Amino acid sequence: MKGDRVEIVVDAGDTTRTYEVIASRAGRRVETAVRRGVVEVSEVTRNGSAVRTARFMATRVLALVEQPVPREDSPDHSVLEVSGS
């Protein structure tokens with residue numbers, strides 16, 4: 001969904017670098033995959049074709065943070081209703 005984003009924190013020797021991949025248009029989503037020692041983060045269209053892909057060596061990735069946009073159709077699980085008698 002538009003607004004979904006993934007932050008990737010990478011070890012760059014003496015410092016760390018942070019990269020972001022953001023779903024920039026409606027209908028696009030961000031997918032992550034780990035294959036053969038490589039972390040891939042891609043912005044994907046509705047039909048599954050990748051628009052942008054970022055690749056990092058898995059041994060250098062310190063953190064991979066997925067931050068989805070809250071959906072209107074999903075219930076809020078943080079609210080607990082208690083009925084008293």
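**View 1. V10 is a buried residue of a predicted model**. With a relative accessible area of 10%, V10 is buried (under 20%; exposed is over 50% and partly exposed is in between, using a 1.4 Å probe and protein chains only). V10 sits in strand β1, residues 5-11 (strands are DSSP runs of E, at least two residues, numbered from the N terminus). Skip the neighbours within four places in sequence, and V10 is in contact with T15, T16, R17, Y19, F56, R60 and L62 (contact means heavy atoms within 4.5 Å).

**View 2. Y19 and F56 make the one aromatic pair of the structure**. Their ring centres are 5.2 Å apart and their planes are at 40°, so the pair is tilted (Phe, Tyr and Trp rings, the six-membered one for Trp, pair with centres within 6.5 Å; planes under 30 degrees apart are stacked, over 60 edge-to-face, the rest tilted). The pair links distant parts of the chain, with Y19 in strand β2 (residues 16-22) and F56 in strand β5 (residues 50-57), 37 residues apart. Y19 is partly exposed at 36% relative accessible area, while F56 counts as buried at 12%.

**View 3. Strands β4 and β6 mark the two ends of the confidence range among the elements**. Mean pLDDT (the predictor's confidence in each residue, from 0 to 100) is highest in strand β4, residues 38-44, at 93, and lowest in strand β6, residues 61-67, at 90. Over the protein the mean is 83, and 84% of residues reach 70 or more.

**Notes.** Residues are numbered from 1 along each chain as its sequence is written, and side-chain values use heavy atoms, leaving out hydrogens and water. In this predicted model, local features need pLDDT of at least 70 and side-chain atom pairs count only at pLDDT 80 or more, while totals for chains, interfaces and linings use all residues.

Notes
Helices (H or I, at least four residues) and strands (E, at least two) are DSSP runs, numbered from the N terminus.
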